[in-house]
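The sequence and the structure are shown first.

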Amino acid sequence: MATLYGNEAAIQSAHSRTPALGSITYKPGSVLALVTWAQREDPYWFGARIPPTLFSVEFVEIPSSDTPIYQAVSCSGLAIRLGPEEKRTVFMLALTPTRLP
């Protein structure tokens, strides 16, 4: 289970995209955070799955230069392999974020 969050600059970029093109061009200062949780059965609701623990957090920051900055943090203490930075950055930039809390 994962949610992509974005700061105000990222949200404004997402709202100003051209629907026909479908892609978002993020403004400098945009920050995206992809938060991923593990899932488990909900003991109080049949068939439901809930997030018991945080698995990882990945960040992409759009600086004023052309190259996005990618960072990943494992929250479970396990060694995780998220893939090459470029592929993860492209994946995250293709998603539409929700506003950071």
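In this predicted model, L4 stands opposite L34, a residue of β2. The two strands concerned, β1 and β2, pair in the antiparallel sense over 5 bridges. On its other pairing, β2 is joined to β5 by 7 bridges, and these two strands also run antiparallel. One of the positions along that pairing is W37, whose bridge partner in β5 is L54.

How much of β2 is covered? The strand is mostly covered, with 5 of its 7 residues buried. L34 illustrates its surroundings: leaving aside residues up to four places away in sequence, L34 touches A2, T3, L4, S56, V57, E58, R88, F91, M92 and L95.

Both L4 and L34 belong to the largest nonpolar core, which has 11 residues. In soluble globular proteins, nonpolar side chains tend to be buried together.

The loop between β1 (2-6) and α1 contains N7. Is N7 buried or exposed? Its relative accessibility is 19%, and because the limit for a buried residue is under 20%, N7 counts as buried. The side chain of N7 reaches the backbone nitrogen of A10 at 3.1 Å.

Attention now turns to the helix α2, which spans residues 85-93 and has R88, T89 and M92 as buried residues. Seen down the helix axis, the buried residues of α2 fall within an arc of 100°, so they line one face of the helix. These buried residues pack against β1, β2, β5 (54-61) and β6 (69-74). The face turned away from the buried side carries E86, K87 and V90, which are exposed.

The secondary structure comprises 2 helices and 7 strands, following the pattern β-α-β-β-β-β-β-α-β along the sequence. Of the 101 residues, 28% count as buried. Among contacts with a separation of 6 or more, 53% are accounted for by residues 24 or more positions apart. The chain exposes about 6800 Å², of which carbon and sulfur atoms supply 58%.

Conventions
Residues are numbered from 1 along each chain as its sequence is written. This is a predicted model: local features need pLDDT of at least 70, side-chain atom pairs count only at pLDDT 80 or more; totals for chains, interfaces and linings use all residues. Side-chain values use heavy atoms; hydrogens and water are left out. Helices (H or I, at least four residues) and strands (E, at least two) are DSSP runs, numbered from the N terminus. Buried means under 20% relative accessible area, exposed over 50%, partly exposed in between (1.4 Å probe, protein chains only). Contact means heavy atoms within 4.5 Å. Accessible areas come from the Shrake-Rupley method with a 1.4 Å probe; for residues, only the protein chains shown count as cover. A nonpolar core is a set of buried Ala, Val, Leu, Ile, Met, Phe, Trp, Tyr and Cys residues joined through side-chain atoms within 4.5 Å. A polar contact is a pair of N or O atoms within 3.5 Å; within protein, one must be able to donate a hydrogen and the other to accept it, and residues adjacent in sequence count only if both atoms are side-chain atoms. The arc is that of the directions from the helix axis to the C-beta atoms. Two strands pair if DSSP finds at least two bridges between them.
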